[in-house]
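Subject: Handover of a structure and notes on what was found in it

Dear colleague,

Please find below the structure that I am handing over to you.

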Amino acid sequence: MNIDAFEALAFHRRSVRNFKPDPISHSLLERLLRITQTAPSSYNIQPIHYYVIRQQRIKESIVRSCLGQKQVLSAPAVIVFAADRDAATNNFEKTWGVDLANGVVSEEKMEICRNLIDMNFSTKPLGFGWLTKLLFAPFIRLFTPLPELPAVYKNAWLQKNVGVAAMMFMLAAESVGLGTCPISGFDERRLKKAVKIPRRFDVPLIIAVGYPAERPPARSRLPLEEIAHWL
Ligand SMILES: Cc1cc2nc3c(=O)[nH]c(=O)nc-3n(C[C@H](O)[C@H](O)[C@H](O)COP(=O)(O)O)c2cc1C
């Protein structure tokens, strides 16, 4: 693909809020999710789980948590991007173990990242380590650069990972003529309950997807001159 084709794809995308009832095949949804999985994730921890809602009954049960947004009902599928708060513990050895076996990462690199993850994510002792990190981080930052710590701001870390993957999903869907609407206007607690998503997951975003019933007009963008800062 060249940049002209990618540019055309990006400029063609709109947030679609009115869908045809035509279903999306299981194999196509699966293919879109496999493409979405190619998105980068912090430390390759891959914290996202996808809940693919196609049953009208379940869509009806979440529409109220989504503040009555009608696209949730008209879309043949709604993808819930759920992010695992325990992903560092649950996935690191698994994903890095495969890469280690395949010779893609070295033992040394894995050990360095294991220690970094422990330092950045761990809330030991007794689950209160985040408080210690919150209190000491500003002091440590006086002497050395320190990123925001997921142990303290876990949901911000999860949201970054979801944002990156969500865009991948939307562009992949666009490439096969599907329309999408990213939605963050919902009551997370109620939505999680209706979809039976375990407590350890955050849900920063859901995406309604389907064949567009109409083509919405393009929404404006700020002048690039105002927002691009060339150094
Ligand atoms: C994080 C995020 C949350 C959003 N939440 C909603 C939402 O709850 N409901 C909705 O109709 N659109 C939602 N949108 C879509 C935006 O309204 C839309 O992207 C914006 O108006 C630009 O329009 P465009 O996507 O057609 O270019 C959301 C978009 C993003 C990126």
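Predicted model: local features only at pLDDT ≥ 70, side-chain atom pairs only at ≥ 80, totals over all residues.

The chain as a whole

The secondary structure of the chain amounts to 10 helices and 4 strands. Read from the N terminus, the order of these elements is α-α-β-α-α-β-α-α-α-α-β-α-β-α. Along the principal axes, the C-alpha atoms occupy a box of roughly 55 × 45 × 40 Å.

The two domains

The chain is divided into two parts: domain 1 covers 3-85 + 154-227, and domain 2 covers 88-141. The centres of domain 1 and domain 2, taken over C-alpha atoms, are 29 Å apart. Where they touch, 5 residues of domain 1 are in contact with 7 residues of domain 2. On the domain 1 side, the touching residues comprise 2 nonpolar, 2 polar and 1 charged.

The surroundings of the ligand

Which residues are around the ligand? They are R14, S15, R17, Q69, C181, P182, I183, S184, G185, L205 and R219. Strand β3, which spans residues 179-183, gives the most to this shell, with 3 residues. By class, the shell is made up of 4 nonpolar, 4 polar and 3 charged residues.

Two packed helices are described by the angle between their axes and the distance between the axes. Both values are given for each pair below.

The pair α2 and α8 may be taken to begin with. Helix α2 (residues 26-36) packs against helix α8 (residues 154-175) at an angle of about 135 degrees, and their axes are 8 Å apart. At this angle, α2 is oblique to α8. An angle has to be over 145 degrees to count as roughly antiparallel. The crossing of α2 and α8 is right-handed. From α2, the contact involves L32, I35 and T36, while α8 contributes A165, M168, F169, A172 and A173. The contact of α2 with α8 contains 7 nonpolar residues, 1 polar residue and no charged ones.

The next pair is α3 and α9. Helix α3 (residues 56-63) and helix α9 (residues 188-195) pack at about 160 degrees, with 9 Å between their axes. The two helices α3 and α9 are therefore roughly antiparallel to each other. Their crossing, too, has a stated hand: α3 and α9 cross in a right-handed way. In the contact, I58, S61 and I62 of α3 meet L191, A194 and V195 of α9. These residues divide into 5 nonpolar, 1 polar and no charged.

The remaining pair is α5 and α6. The axes of helix α5 (residues 87-101) and helix α6 come within 11 Å and cross at roughly 170 degrees. This angle makes α5 roughly antiparallel to α6. On the α5 side, A88, F92, W96 and L100 take part, and they meet E107, M110, R114, I117 and F121 in α6. Here the contact has 7 nonpolar, no polar and 2 charged residues.

Two points of the backbone

Most residues other than glycine have a negative phi, and most peptide bonds are trans. Two places in this chain may be read against that background.

What kind of peptide bond joins K124 and P125? The bond is cis, with omega at about 0 degrees. P125 is located in the loop between α6 (107-121) and α7 (129-141).

The other place is N44, which is not a glycine and yet has a positive phi of about 55 degrees. N44 is part of the loop between α2 and β1 (48-53).

Yours sincerely,
A colleague

Definitions and conventions:
Residues numbered from 1 in each chain as written. Domains from an automatic or database assignment. Contact = placed C-beta atoms within 7 Å. Nonpolar A, V, L, I, M, F, W, Y, C, P; charged D, E, K, R; others polar. Near = placed C-beta within 6 Å. Axes fitted to C-alpha atoms, helices over the stretch in contact; angles between N-to-C directions. Parallel < 35°, antiparallel > 145°, perpendicular 65-115°, else oblique. Left-handed = near helix turned anticlockwise from the far one by under 90°.
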